[in-house]
Amino acid sequence: CIEPALKGRDILGRGETGSGKTLAYAIPLIARLTGRQARSCRPLALVLAPTRELANQINDVLDPLARICGLSTTTVYGVVRQSTQARDLRRGASIVVACPGRLEDLIDQGLVSLDDIDITVLDEADEMADMGFLPAVRRIMELTPTDGQRLLFSATLDHGIDTIVRSFLDNPKIHEIDSATAHVSTMHQHVFQVTAADKPQIIETLASGMGKRVLFTRPKHQAEHLAAK
């Protein structure tokens, strides 16, 4: 994702949790913001996450990189008192990592504005859908500038995620990583019962042609013999 994201392209990334999505957007996000200062203490980038645990994990990745580049981050989520979050926002955090519910509360109170958001990231979008956050996500996205960059990451594109993609992402570059146990729908398996005498002709037929093939055999000297033929 990094190269097209650095160029400002919208990104649609599909992959399971743990596939490395955070750095895939954190690196270009920080690189694109480096050297810029928040205007009127308004944040320049927003990362939406479904839970405070994930928000903290994301911030743990973003914060040291941001500090090196002269940027600052803050987290916004419920359960804890909002006074600390409001203070960080007043000081002008460059990047806000937020859960939708508390962020909407702070917006309604006039404590944060999204008018200057250049980059918006939706992380674990499918989990936000499962938790009922999509209406809030839509309202928040509508408050960000329409010409901003959007990056959406999700394990699936159902439960309304596809409508978010169509509504807010502009010709996104798509990157997909299937899970290790994903079913391969394009593979067909065939089993041939053959005699030893038939094997050479069957192998020659299967191995011939211009397409790529992989043949597994045993032992090593048989593999070398087949390769030579």
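Author: A quick word on classes before we start: Ala, Val, Leu, Ile, Met, Phe, Trp, Tyr, Cys and Pro count as nonpolar, Asp, Glu, Lys and Arg as charged, and the others, including Gly, as polar. What you have here is a predicted model, where local features need pLDDT of at least 70, side-chain atom pairs need 80 or more, and totals for chains, interfaces and linings use all residues. Residues are numbered from 1 along each chain as its sequence is written, and side-chain values use heavy atoms, with hydrogens and water left out.

Reader: What makes a space a pocket and not a cavity?

Author: Whether the probe can get out. On a 1 Å grid over the protein atoms alone, a cavity is a set of points where a 1.4 Å probe fits but cannot get out, while a pocket is an open set with protein on both sides within 12 Å along at least five of seven lines. A residue is lining if it has an atom within 4 Å of a point. Points are joined across faces, edges and corners, and the volume is the space filled by probe spheres set on them. The largest pocket here holds about 730 Å³. It has 21 lining residues, and Lys 199, Ile 202, Ile 203, Leu 215 and Leu 226 are the closest to its centre.

Reader: Which classes do the lining residues of the largest pocket fall into, and which helix gives the most?

Author: There are 12 nonpolar, 4 polar and 5 charged residues. Helix H9 gives the most, with 7.

Reader: Why is Leu 29 called buried?

Author: Buried means under 20% relative accessible area, exposed over 50%, and partly exposed in between (1.4 Å probe, protein chains only). Leu 29 has 2%, so it counts as buried. This residue sits in helix H2 (residues 21-33). Leaving aside neighbours within four places in sequence, Leu 29 is in contact (heavy atoms within 4.5 Å) with Ala 45, Val 47, Ile 95, Ile 119 and Val 121.

Reader: What puts the buried residues of H8 on the same side?

Author: The buried ones are Ile 161, Ile 164, Val 165 and Phe 168. They cover an arc of only 100° around the axis, so they're on the same side of H8. The arc is that of the directions from the helix axis to the C-beta atoms. An α-helix has 3.6 residues a turn, so residues three or four places apart point the same way.

Reader: What makes Val 79 stand out, and why is Val 79 called exposed?

Author: Most residues other than glycine have a negative phi. Phi of Val 79 is near 80°, a positive value. Its relative accessibility is 73%, so Val 79 counts as exposed.

Note on methods:
Helices (H or I, at least four residues) and strands (E, at least two) are DSSP runs, numbered from the N terminus.
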